[in-house]
Amino acid sequence: MTEHTPDGHHIVVDGRRWRATDPSIPEAFRQELVDELMAARRAVKSDEDDARRRVHDAKTALGERGEPWWEEPTDAAFEERAAAAIRALVRKRSESSICPSDVARAIGGGSWRSRMDDVRRVAAELAGRDEIVVTQKGQTVRIEEARGPVRISRGPSL
């Protein structure tokens, strides 16, 4: 069993404190992000090109890096965590796609619905850099113009 600090914000391993994973992440998304983190750590050992960025994205999405998850996030901190979560989840689901609501649920806590517009805005920025591709009914779309459900998959530059 992992020891936590009394406030629950950190875990203690061999006397060292490490930031704990955000406990508001639903278990299914937490597990996907942990799986991506473990795959990224294996990629670091194999000296793959983007391995350290993958580790950073997964740890940021889990709340283990960036602004502390127990504090009210600034807009910039939310955008950084949303971008990291999008990249980590599309890597994990490389054979399929994700929904913007997956990202909002993973990092938005109980108020995830109110963060959907923010997640879509971050996705538009990532799509503009070809890190992701946004589709609707199988066709590539601009997320800022799409109405209704869209899917997000890995782009050519990710």
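Helix 4 (residues 100-107) is mostly covered, with seven of its eight residues buried (under 20% relative accessible area, where exposed means over 50% and partly exposed lies in between, for a 1.4 Å probe and protein chains only). The structure is a predicted model, in which local features need pLDDT of at least 70 and side-chain atom pairs count only at pLDDT 80 or more, while totals for chains, interfaces and linings use all residues. Residues are numbered from 1 along each chain as its sequence is written, and side-chain values use heavy atoms, with hydrogens and water left out. Helices (H or I, at least four residues) and strands (E, at least two) are DSSP runs, numbered from the N terminus.

The buried set in helix 4 consists of P100, S101, D102, V103, A104, A106 and I107. These residues pack against helix 1, helix 2 (51-61), helix 3, helix 5 (116-128) and strand 6 (151-154), contact being defined as heavy atoms within 4.5 Å. D102, a residue of helix 4, counts as buried because its relative accessibility is 10%. Leaving aside residues up to four places away in sequence, D102 touches F29, L89 and R93. Just after helix 4, G109 adopts a positive phi of about 60°.

The axes of helix 1 (residues 27-45) and helix 3 (residues 75-92) come within 9 Å and cross at roughly 80°. Axes are lines fitted to C-alpha atoms, for helices over the stretch in contact, and angles run from 0 to 180 degrees between N-to-C directions. The two helices, helix 1 and helix 3, are therefore roughly perpendicular to each other (65 to 115 degrees; under 35 counts as roughly parallel, over 145 as roughly antiparallel and the rest as oblique). Helix 1 contributes E32, L33, D35 and E36 to the contact, and helix 3 contributes A88, L89, R91 and K92. By class, this contact of helix 1 with helix 3 has three nonpolar, no polar and five charged residues (nonpolar: Ala, Val, Leu, Ile, Met, Phe, Trp, Tyr, Cys and Pro; charged: Asp, Glu, Lys and Arg; polar: the others, Gly among them).

One aromatic pair is present in the structure. W69 and W70 form this pair in an edge-to-face arrangement, at 5.0 Å centre to centre and 90° between the planes (ring centres of Phe, Tyr and Trp, the last by its six-membered ring, within 6.5 Å; planes over 60 degrees apart are edge-to-face, under 30 stacked and the rest tilted). W69 is buried, at 18% relative accessible area, whereas W70 is partly exposed, at 29%.

Charges also sit over rings (NZ of Lys or CZ of Arg within 6 Å of the ring centre and within 35 degrees of the ring normal). The charged end of R105 lies over the ring of W112, 4.2 Å from its centre, and that of R115 lies over the ring of F78, 3.6 Å from its centre.
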